[in-house]
Amino acid sequence: MYQPLPRLTGGAMVGGFDKRTTYGLAALRFVVVSFLCFLLLNPLIRSLRTLTEKPKVVLAIDNSESVAAAGRPALNQTLTALQTLRQQLIDKGLDVSVRSLGDSVTDNDLTQIPFTRRSTDLSGLLSGIRSDYEGRNLSDVVLISDGIFNQGLSPTFGQYPFAVQTVGLGDTIPKKDIQLKGIIANRIAYLGNQFPVQAEIISSGFQGRSATVVLRQNGKELGRQSVNFGKNDTFNQLTFQTTATQKGVQHYVVEIVPQPGEFSTRNNRQDVYLDVIDGKEKILMLALAPHPDVKAIRNILEKNQNYELDIRILTGTPAEATPPADKTYDLIILHQIPDNGGVGNALVQRYLAKNTPVLFVLGNQSALGPFNTSNAVMQVAAQANQSDKVTGNFNSEFKQLNFDPARLEILSKFPPMSVPYGEFRLQPGTEVVLWQQVGSVRTAKPLLALNVASGTASRSRKTAVLAGEGLWAWRLEEYALTDKQDVVDELIQKVIQLISVKEDRRKLRVYPIRNEFVSGEKVIFETELYNDIYERLFDKPVRLEISDEKGLIRSFSYTPTAANSRFEISRLPEGAYRFKASVTVNNRSEQSSGQFVVRDLQLEALNTTADHGMLRQLAQQTGGQYYTASRINSLVQNLTSRPHPARLTSTEEMNELINWRWLFFVVLILASVEWGLRKFYGGY
């Protein structure tokens, strides 16, 4: 039977809740919904953060070999005092760090610092500190050094935003010593040629005495000379003349025989490395008859010592006209050949059959028919005995060589060349260096052009053509205008270098990134490997063998990858090295070889006399003070007695309130509480 629900009286119960509970839950839901709506407005909260930065002091220590030359006990005493200084500064609330050459940082016992750096760059040390501490509370830098630097600029040339307190180490009294200050020698010599080796010698305390200087190669004495020091002489020079007898990098040693009483004998020796080249690049110039252009080209080529020029005049005597049959040339220059009389046709065909690079220079005796069939640059259809007068206009689209177009504008001021009058047609792959210009009108006819692109077998020869005569007048006019002959000579030299350079078609190329390395640094090799169509290959094992002057072979294996194609070798002693690399690709061995030098620079032994004057000047310029090693206590008192206020840095930030994670959990808890209470009281 249906029973009606009891009627509520007085509003005491609502939906199973009393009034207080109902209103409380409603208020809780209102707070949650309102807070969510407030967060949707993306309110911002401003916060102020204050950081306290301690004052900083850097102890910059010159850890080079020259500092320890005065004796380790005295140096340790100074370092012990610096250790005390560091601790006292830390006790005063300062932040103290230690830097040394090479930008190394140490927190260990200062007395354990090894003074083994083989060069000193004090300017680089202070500049590194300035860069690393820019914008920070750095008050002082304490530079502990003997004032000797042998790399970089003098530190007195720099500008520093901090005071440099300097502590002088070492001995400022010149030592009794003989030094081999420097060696002057060519870096390149040619096999069989003589070359000079000049030694510069400095003496201190040996005036009125003599010394012996020896030149050696591979332990063999090549020369010995005596040098006498007068009463007022501290500097002398002497020169050895020797002959390059072996090709490749050769190692020579110049040494002063040690004298009794010398402070150090480490600076009595220096090494010299020369690259001895096996012969020069051989160039044959065949000319129909004597001509001013022949002399002009000869003068241009003789500026480059790597060229060996052989000039043959075909209308001269047979001995003058015929080059040696067994001699091989790297470049042929044909002046007015092939000629109308056919004098040089047989000789020309002999050299053209070898695909030797050729430079054709046309003239009024040139036979254009044989010329057209002998070159891959241009075809010329000209009327007999007719010529045109043209100047040169640089082709700005020519990019194979680096020319300055502004400098080449002078070509328009030169006397005109005589060129064949007719039609010029460029062959495929030809690039024009100079266009013909008649008066002020630039034509589409080439004056100087070249073709170095590889094509068919009959056209694989690198060829250039100068389509006129009168180069000698250009050189004379340039000299009259500028007192130099640089523009014309550079133009011809670069074209000749481009067509005569030997193309490297090796599949494997392994080479050091530099020809010379300093003892102690890594020797780094770059590796390039290609397939038959010269696409780059990786992940092939490479075997590398390095042999020194004594024949000792070191073997290495590595695998170049696309991410890293380099290989590094550490701790190679000084000397001249040869290397050979090999790799197997498609069951075929590819090889690459070369040479490099590891040089031992005795920079620290060249000067052992401390320069405290520089340290005084540096301290004065930066607002610091100079201290001797015995007055470090005064330095301690100076730094600790001065006020060193901390730096307060305030940062104002505007943060979005919605990004505060804890608010999510507050909202979640409130919503959960409201939902749970309604569930508990049967509201759901």
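**Group meeting: salt bridges in a predicted model**

Asp132 has a partner: its side chain meets that of Arg99 in a salt bridge, 2.9 Å from N to O. Arg99 sits in strand 5, residues 95-100, while Asp132 belongs to helix 3, residues 122-132, so the pair links distant parts of the chain, 33 residues apart. And is Arg99 buried or exposed? Buried, at 4% relative accessible area.

Here's another pair. Arg566 forms a salt bridge with Glu526, and their closest N and O atoms are 3.0 Å apart. Again distant parts of the chain get linked: Arg566 is in strand 31 and Glu526 in strand 28, 40 residues apart. Arg566 counts as partly exposed at 41% relative accessibility, and Glu526 counts as buried at 12%.

Then we have Glu590 and Arg588, whose side chains meet at 3.3 Å, N to O, in a salt bridge. Glu590 is buried at 13%, but Arg588 is partly exposed at 39%.

How many salt bridges are there in the whole structure? The search finds 26. There's also a network of salt bridges linking Glu65, Arg118, Arg266 and Asp600.

Now let's zoom out. The protein chain has 14 helices and 35 strands. Its radius of gyration is 41 Å, well over the 26 Å from the globule rule for 684 residues, so the chain is more spread out than a compact globule. Along the principal axes, the C-alpha atoms fill a box of roughly 140 × 100 × 60 Å. Buried residues make up 44% of the 684.

Methods. Residues are numbered from 1 along each chain as its sequence is written. This is a predicted model: local features need pLDDT of at least 70, side-chain atom pairs count only at pLDDT 80 or more; totals for chains, interfaces and linings use all residues. Side-chain values use heavy atoms; hydrogens and water are left out. Helices (H or I, at least four residues) and strands (E, at least two) are DSSP runs, numbered from the N terminus. The radius of gyration is taken over C-alpha atoms; the globule rule is 2.2 Å times the number of residues to the power 0.38. Buried means under 20% relative accessible area, exposed over 50%, partly exposed in between (1.4 Å probe, protein chains only). A salt bridge is a side-chain nitrogen of Lys or Arg within 4 Å of a carboxyl oxygen of Asp or Glu.
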